[in-house]
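Hi everyone, thanks for coming. Please have a look at the picture on the screen, and then we'll walk through it together.

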Amino acid sequence: MTEWEQTRKVRYEKDLDHNFYKEVSELAWGEKFLTCIQCGNCSGACPLSPYMDYGPRRIIAMTRAGFKNDVLKSNTIWLCASCYKCAVDCPKEIKITDVMYGLKQMALQQGVHPRNFPTAVLANEFFRQVQTHGRQSEGPLIMSLYVRTGIFGAFSQAAMGIRLFLQGRIGLKTESIPMGHNKKGDLKKVLEAIE
Amino acid sequence: MKYIYYPGCSLRGTGRAYEESLLPVLKALEVPYEELEEWNCCGATAYMSVDEGKAFALAARNLALAEDRGSGEEKVPPTIMAPCAACYLGLNKAKRYMSENPQLLQKVRKALAAADLKYKGEAVVRHPLDIFVNDVGIDRIKAAMKKPLAGVKVAPYYGCQIVRPFAEFDDQENPVSMDKILKALGAEVVDWPLKVRCCGGSLTGTMNEVGVRLNYILLREARRRGADVVATACPLCQFNLECYQDKMSSWYEDPIRMPVAYFTQLMGLALGIPPNELGFNHVFVKPEVALA
């Protein structure tokens, strides 16, 4: 690939993945995705769209057109804070927030997000904690996020962490429930049994 | 009937002042509750990003545990009280999507069966705001008032996940349940159109510049509207709005100091509960903000 090809904004037919829209519409809750009328209510309603590479309306258009790489590598899916404003305002009742979750899962599975990208690190660490302890502990979660993504270096962040620690709001204690006790209601069994 | 109290992880961590103020308020208003035993994390937004099937199973286990426990009365559905916005949404979302999607329901039921649990779909998930306004009632709250929040200007902040997309107890664009409670307790409620605009949730931790900016927009407008204090009903909103004010002040060269309390802390003060029993030692806001 030439340097120009790596940096060019123009996409050629051969760059596109024409099955991408099918993959997305097969995601849970992606069923109505293709009925989007591109009205832009979602992008207008989204409080995060000013900070996104592409707003949700463009993400839908790009998905349908096959811009798989651009969609999965965009910061859009990670900036979505799940406030559900787009889904509530969509005249076609597309569950846009849930489609964003689907895209996040795809990006995580295919590993196309930047290395140690904070949101992905947070999601994975959260997942791991709940998987092992049944509950999430904010202190250890925040610590591992800072250590692995390097934001701990920021002095103001560290100072705040210390204040919160002194207030007893973040501790190093891990919250947990019994896992794998083989009695009624065992969470470990439930999570193992889900397909 | 006893409400089945589901605190969620945050109320045992950064949001402990929420639990520490909610419980005495429930006691003062004689609302019976009991904590759900061995509850697990609701999954929040992070878990959903990794594995959707597991996220629903996670939420459904709590619903099944609540059903197993029952409401103690015939014809009354087991009612979960979820004060955290993310838990409220996560549990309601699982309930709704399982009722709309038989395949998902079957999948989750099968997984629950492995742990000898059954999910019938009876359990109801409600927010304390809903319970205060619709079960306890404004009249009873008013009757229990000991020290009115006179002269305090409050900006009630609902955030996203309490009202969107599943809440039926209030309006999605202009919710008023917290306004009603605070007004009844003597506070002046400022008109603040950003009350359902997102605080960014965990973005303050992952994409800090953006997350802090969103919260600055909220606080700046609350200040412009003359608020003395912002009242929240979600642990993450409270954390975001309160803890990044130093950063905002230096980034945007605008010294901003806006107290941010849980609505239950303000209720507690009005109900005459001593401030040191309302979790004020676990937040930056001081009770004096609402004491005349």
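How many residues does the contact take from chain A, and how many from chain B? It takes 52 residues from chain A and 51 residues from chain B, where two residues are in contact if their C-beta atoms, placed from the backbone, lie within 7 Å.

Before going on, a word on the model and its labels. This is a predicted model, in which local features need pLDDT of at least 70 and side-chain atom pairs count only at pLDDT 80 or more, while totals for chains, interfaces and linings use all residues. Residues are numbered from 1 along each chain as its sequence is written, and chains are lettered from A and ligands numbered from 1 in the order in which they are written.

Back to the side of chain A that touches chain B. Helix H9 of chain A gives the most to that side, with eight residues; helices (H or I, at least four residues) and strands (E, at least two) are DSSP runs, numbered from the N terminus. That side divides into 30 nonpolar, twelve polar and ten charged residues. Here Ala, Val, Leu, Ile, Met, Phe, Trp, Tyr, Cys and Pro count as nonpolar, Asp, Glu, Lys and Arg as charged, and the others, Gly among them, as polar.

Chain A itself is divided into domain 1 (8-110) and domain 2 (118-193), with bounds that come from an automatic or database domain assignment. Their centres, taken over C-alpha atoms, are separated by 29 Å.

Now for the inside. The largest nonpolar core has 164 residues; such a core is a set of buried Ala, Val, Leu, Ile, Met, Phe, Trp, Tyr and Cys residues joined through C-beta atoms within 7 Å. Helix H3 of chain B (residues 52-69) gives the most to this core, with ten residues. Ala60(B) is among the residues with the most contacts inside the core. Leaving aside neighbours within four places in sequence, its contacts include Ala94(B), Met98(B) and Tyr119(B).

Let's finish with Lys95(B), found in helix H4 (residues 85-100) of chain B. Why does Lys95(B) count as buried? Because it has 22 C-beta neighbours inside 10 Å: a residue is buried if 20 or more other C-beta atoms lie within 10 Å of its own, exposed if 12 or fewer, and partly exposed in between. Leaving aside neighbours within four places in sequence, Lys95(B) is in contact with Leu63(B) and Val125(B).
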